[in-house]
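This briefing goes with the sequence and structure shown below.

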Amino acid sequence: MPQAISRTFWRSLPWMAALLLLALASPAFAQEEDDPPARAAHMSAREGSVVFAPQGEEEWIDLPQNRPLTAGDRIWSDRGARAELQMGTATLHVDSEGHLGVSHLDEGNAQFILQQGTVNARVRELASGENFEIGTPHLALRALQPGGYRGGVGPRPGETRVVVASGRAAVFGEGGQAMQLAAGQQGTFSGRALARVNAQRLGQDDFGAWAAARNRAEDQAMAARHVPRGVVGATQLDHYGTWSQDATYGSVWYPQVTVQDWAPYRYGHWSWIAPWGWTWIDDAPWGFAPFHYGRWTMIDERWAWVPGHMAPRPVYAPALVAFFGDGGSGVSFTIGSGPGVGWYPL
């Protein structure tokens with residue numbers, strides 16, 4: 001949006017909101033049968049060089065800050081690099097020289113394929129019937145309970161190491177073989193038939209300590225008191241703003257900004273990301289959660305983000321704006337169809 005648009009424009013939004021409510025009541029905005037997934041992943045931290053390949057692409061490119069990850073996307077961490085992926089009720093940590101792909105990701109199913117390297121998974125919640133699974137070229141590791149899990153390809157060719165720090169997991173082979181591992185158990189498997197091999201027991205290492213520290217910080221984040229666990233990226237807000245209680249809206253978050261007349265959805269860009277379509281990618285280091293969940297509002301001349309009720313599983317949205325444009329016959333209003341002449345936060 002052109003930066004020349006002043007605060008006066010944003011104050012004129014109530015009449016636009018009224019038109020928007022009329023539009024929402026139209027059958028044209030009825031929920032379609034094939035809705036896009038209500039869940040996305042976010043790379044909330046990275047150390048060193050981490051690149052990704054979007055769905056359907058083979059070339060590795062830099063991952064833009066705040067770009068959501070979904071089924072078909074892959075990431076690669078260079079030597080000495082690490083990455084953290086948040087998906088609300090679970091967090092994945094990827095160690096150095098790791099190749100991880102997202103096989104499936106929606107509100108009831110999170111599946112990943114680890115081609116190389118080591119990952120640490122923290123599953124905080126697991127609803128009835130929900131699936132969280134990490135596959136390798138040789139087996140599949142499925143979390144049966146909330147807990148901490150680790151999977152690694154190698155160190156010898158054809159081997160996969162599985163560690164259950166807490167919780168309970170099932171390991172599946174190619175021919176239907178299955179084995180359960182309880183908290184504190186680990187195993188190294190060769191090939192695709194769950195053939196166990198002797199290996200030195202894995203203790204705490206630098207990667208495990210880093211992942212544990214990241215998990216503790218997420219558990220202790222002040223944001224966890226104000227937003228549901230399923231809001232991806234909310235733990236980053238603590239360092240970039242302040243929380244408050246409002247009589248009308250409940251918990252609200254005020255960003256610390258230095259730009260005069262700052263407004264949401266003004267500093268960033270639009271990107272077409274399947275299966276959602278036009279998606280807002282904000283420039284701010286905290287700019288994931290407030291632009292895909294909740295709502296923005298003006299309180300005492302300041303923009304505030306309102307996360308809303310503590311719903312158990314919040315729904316991810318590519319952007320929370322309404323677009324308006326000429327449309328060839330006067331002003332038109334749409335939601336989610338793509339950038340027009342301008343847009344404003346809902």
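**Aromatic pairs**

A search of the whole structure, which is a predicted model, finds 16 aromatic pairs. One of them is the edge-to-face pair of Trp-253 and Trp-286, with 5.0 Å from centre to centre and 65 degrees between the planes. This pair links distant parts of the chain, since Trp-253 lies in strand β18 (residues 250-255) and Trp-286 in the loop between β20 (277-282) and β21 (295-299), 33 residues apart.

- Trp-253 has a relative accessibility of 0% and therefore counts as buried.
- Trp-286 is also buried, at a relative accessible area of 4%.
- The rings of Tyr-293 and Tyr-316 have centres 6.2 Å apart and planes at 70 degrees, so this pair is edge-to-face.
- One aromatic cluster is formed by Trp-253, Trp-262, Tyr-265, Trp-270, Trp-280, Trp-286, Phe-291 and Trp-296.

**The chain as a whole**

- The chain contains three helices and 25 strands.
- Of its 346 residues, 51% are buried.
- Among contacts between residues at least 6 apart in sequence, 53% join residues at least 24 apart.

- Strand β1 (residues 42-47) pairs with β5 in the antiparallel sense, over five bridges.
- His-42 has Gln-86 in β5 as its bridge partner.
- β5 also pairs with strand β6 (residues 90-94), in the antiparallel sense and over four bridges.
- Ala-83 has Val-94 in β6 as its bridge partner.
- β5 and β6 form a hairpin with three residues between them, and Gly-88 in the turn has a positive phi of about 85 degrees.

**Helix α3**

- Helix α3 (residues 206-220) has 15 residues, which at 1.5 Å a residue should span 21 Å; the end C-alpha atoms are 21 Å apart, in agreement with that value.
- The buried residues of α3 are Phe-207, Gly-208, Trp-210, Ala-211, Asn-215 and Glu-218.
- These residues cover an arc of only 160 degrees around the axis, which puts them on the same side of α3.
- An α-helix has 3.6 residues a turn, so residues three or four places apart point the same way.
- Asp-206 and Gln-220 are exposed, on the other side of α3.
- The packing partners of the buried residues of α3 are β1, β5, β6, β8 (109-123) and β11 (147-153).

- Ala-121 is found in strand β8.
- With a relative accessibility of 0%, Ala-121 counts as buried.
- Not counting residues up to four places away in sequence, Ala-121 touches Thr-91, Leu-92, Phe-132, Ile-134, Gly-147, Gly-148 and Tyr-149.
- Ala-121 and Asn-215 are separated by 94 residues in sequence, and their C-alpha atoms are 9.8 Å apart in space.
- Thr-70 is in the loop between β3 (61-62) and β4 (74-77).
- The relative accessible area of Thr-70 is 3%, so Thr-70 is buried.
- Leaving aside neighbours within four places in sequence, the residues in contact with Thr-70 are Pro-37, Val-102, Ala-274, Pro-275 and Trp-276.

How values were computed
Residues numbered from 1 in each chain as written. Predicted model: local features only at pLDDT ≥ 70, side-chain atom pairs only at ≥ 80, totals over all residues. Heavy atoms only, no water. Phe/Tyr/Trp six-rings, centres within 6.5 Å; stacked < 30°, edge-to-face > 60°. Helix = DSSP H or I, 4+ residues; strand = E, 2+ residues; numbered from the N terminus. Buried < 20%, exposed > 50% of the residue type's maximum accessible area, 1.4 Å probe, protein only. Pairing = 2+ DSSP bridges. Contact = heavy atoms within 4.5 Å. Expected span 1.5 Å × (residues − 1). Arc of directions from axis to C-beta.
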